[in-house]
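Colleague: I am new to this structure and would like to learn how to read it. Could we start with the ligand and then turn to a sheet?

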Amino acid sequence: MRITDTADLWWKNAVIYCLDIETFCDSDGDGVGDFSGAAQRMDYLAELGVTCVWLMPFYPSPQKDDGYDVMDFYGVDGRLGTLGDLVEFIRTAKDRGMRVIADIVVNHTSDQHPWFQQARSSKDNPYRDFYVWRSEEPPDTSKEVVFPDKENSIWNKDEKTGEWYLHRFYSHQPDLNISNPAVRDEIAKMMGFWMELGLSGFRVDAVPFFLETMGTPEGESGDPHDYLQSLRRFLSRRSGDAVLLGEVNLPYEKQLEFFGDAADELNMQFDFIAMQQLYLSLARGDARPLASTLEARPPIDPDNQWATFVRNHDELTLDKLSDSERKEVFAAFGPEERMQVFGRGLKRRVPPMMGGDLQRIKMVYSLLFSLPGTPVLFYGEEIGMGENLDIEGRLAVRTPMQWTDEDSAGFSSAPPDKLVAPLVSGACGPDKVNVAAARRDPASLLGFMGTLIRRYRECPELGWGEFQVIDQPNPAVLAHRSVWEGNSVFLLHNFAAEPATVTLKMDDDDVPAEGGLLTDLLQDSRRPISPGEDLELELEPYGFRWLRVQRPGTGRLW
Ligand code: NOJ
């Protein structure tokens with residue numbers, strides 16, 4: 001590929017790291033993480049190989065949905081620092097070669113947002129149309145709520161004006177009316193503001209809900225995808241390489257619509273479907289659910305990208321599995337009710353789900369970095385943090401980052417009972433799992449993760465290449481290949497607790513007539529390979545291999 005096709009598409013092989021300032025590092029001892037603390041940890045992130053930090057919401061908020069309930073789109077929550085501290089954070093990240101993106105939550109605001117306070121004050125207030133109202137008693141929408149443990153309708157009656165407002169999420173999060181041009185302008189203005197301060201783009205919250213035009217006469221506001229295109233054009237004009245990474249948990253065919261017909265809407269979307277099938281494969285010790293899902297995943301424009309993840313900050317949702325498949329995953333990884341949430345997901349992190357089996361945990365992360373897409377890590381995954389099941393709902397995985405084995409995990413000098421969130425205890429607690437110890441242990445998960453990230457960055461085939469599942473007879477093994485510019489990387493993953501042998505038959509175009517170079521990327525060995533040579537490869541239980549066949553003169557890093 002030529003420069004004209006590839007330059008500036010930094011998200012194609014980025015390493016994205018999601019963190020919440022509140023729980024990452026506290027510099028002033030008040031028990032709440034802050035921008036200054038996180039800035040001090042920038043070298044850690046750079047050393048790990050992170051290329052893009054994704055900040056969870058840091059805006060002023062009543063904190064009824066951990067900051068996803070925003071009451072001022074132009075500010076920084078005072079507990080986390082000031083706008084100046086945020087800019088210093090972004091500046092420090094850039095100095096270490098990292099970009100920063102942030103959550104933008106524009107499907108709704110907090111009910112404390114001045115717009116909503118105005119809107120609910122009277123029916124003829126100029127801000128009334130910033131939200132979606134209905135005057136008639138709403139029908140039963142209990143099946144449409146996102147948080148079934150807390151809500152039973154997507155409409156809530158506002159007593160003062162006697163009308164109902166739409167809220168897809170909690171009732172304290174009224175949905176913005178994006179069919180109102182004034183709201184659209186506000187969204188653009190606010191995105192422009194954060195771009196001026198140095199962000200490289202946004203993780204767009206709840207995109208399908210945000211684009212809904214409920215409450216307006218059909219057709220009046222135009223096609224919501226036209227709007228997403230115009231937002232994307234606006235952003236690109238402000239900053240040519242800005243990314244929009246969208247949360248769209250829908251079947252693939254629907255997701256395609258959000259990339260846009262001409263790759264002119266979201267640049268990236270999380271791959272919720274493959275993530276869920278990955279857990280089904282892990283539960284069954286059978287690679288086929290994941291393999292067939294990836295094979296069926298529709299092709300996307302080279303400018304677009306999937307964002308792959310094995311854990312995020314929400315429940316590990318299994319909503320796109322069938323009831324019986326979900327039961328299988330629950331039985332394998334979260335059999336107790338307290339491990340489950342909303343009847344559709346798990347409150348757990350990877351290491352406890354894998355029973356603490358380091359080999360199996362490594363296999364999961366080897367997949368994360370070698371499946372086609374851009375890997376996204378949730379803070380603490382790199383050291384193997386666990387969850388605190390005593391914490392309600394999704395917050396079980398949003399515990400303070402574990403830096404040391406000290407009482408407050410090196411997260412804060414405040415005592416543990418004064419921290420913004422309780423710590424993890426038990427096998428994954430800070431006394432057993434922390435950055436300081438992991439950095440000094442060559443066999444740690446952290447060390448392994450660093451190696452994976454380096455190899456992933458050294459293999460443009462992974463981020464850029466064309467993906468193919470390789471046919472082979474063992475159902476427990478996922479064998480796949482990523483090909484880019486004539487070079488291939490072969491990836492093997494054994495989902496079973498038994499060893500496996502895989503024969504890889506090299507196609508004519510895998511190895512050039514003059515021979516190539518076979519590199520075992522994780523075992524640091526290499527040798528020449530001849531055309532027509534088959535490879536017989538051993539995989540230990542939950543084993544994995546990354547192999548690259550390169551043409552002479554390719555110049556890949558060795
Ligand atoms: C999706 C976010 O990931 C989640 O944490 C939040 O509660 C909802 N959107 C509402 O903003």
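**Reading the ligand site and a sheet**

Modeller: Keep in mind that this is a predicted model. The ligand is found in the largest pocket.

Colleague: Which polar side-chain atoms lie by an oxygen atom of the ligand?

Modeller: For a polar contact, look for a pair of N or O atoms within 3.5 Å. In His313, a side-chain N or O atom is 2.7 Å from an oxygen atom of the ligand. Arg394 has a polar side-chain atom 2.9 Å from a ligand oxygen, and for His108 the distance from such an atom to an oxygen of the ligand is 3.2 Å. As for cover, the ligand taken alone exposes 300 Å², and the protein buries 98% of that.

Colleague: Now the sheet. What is the order of the strands in the open sheet of three?

Modeller: Read the order across the sheet, strand by strand. Here the order is β4-β6-β5, and the pairing is antiparallel. The edge strands, β4 (133–134) and β5 (155–158), each pair on one side only.

Colleague: How many bridges join β5 to β6?

Modeller: Four bridges link β5 with β6 (residues 163–166), and the two strands run antiparallel.

Terms used. Residues are numbered from 1 along each chain as its sequence is written. This is a predicted model: local features need pLDDT of at least 70, side-chain atom pairs count only at pLDDT 80 or more; totals for chains, interfaces and linings use all residues. Side-chain values use heavy atoms; hydrogens and water are left out. A polar contact is a pair of N or O atoms within 3.5 Å; within protein, one must be able to donate a hydrogen and the other to accept it, and residues adjacent in sequence count only if both atoms are side-chain atoms. Accessible areas come from the Shrake-Rupley method with a 1.4 Å probe; for residues, only the protein chains shown count as cover. On a 1 Å grid over the protein atoms alone, a cavity is a set of points where a 1.4 Å probe fits but cannot get out, and a pocket is an open set with protein on both sides within 12 Å along at least five of seven lines; lining residues have an atom within 4 Å of a point. A molecule sits in a cavity or pocket if more than half of its atoms lie within 2 Å of its grid points. Two strands pair if DSSP finds at least two bridges between them.
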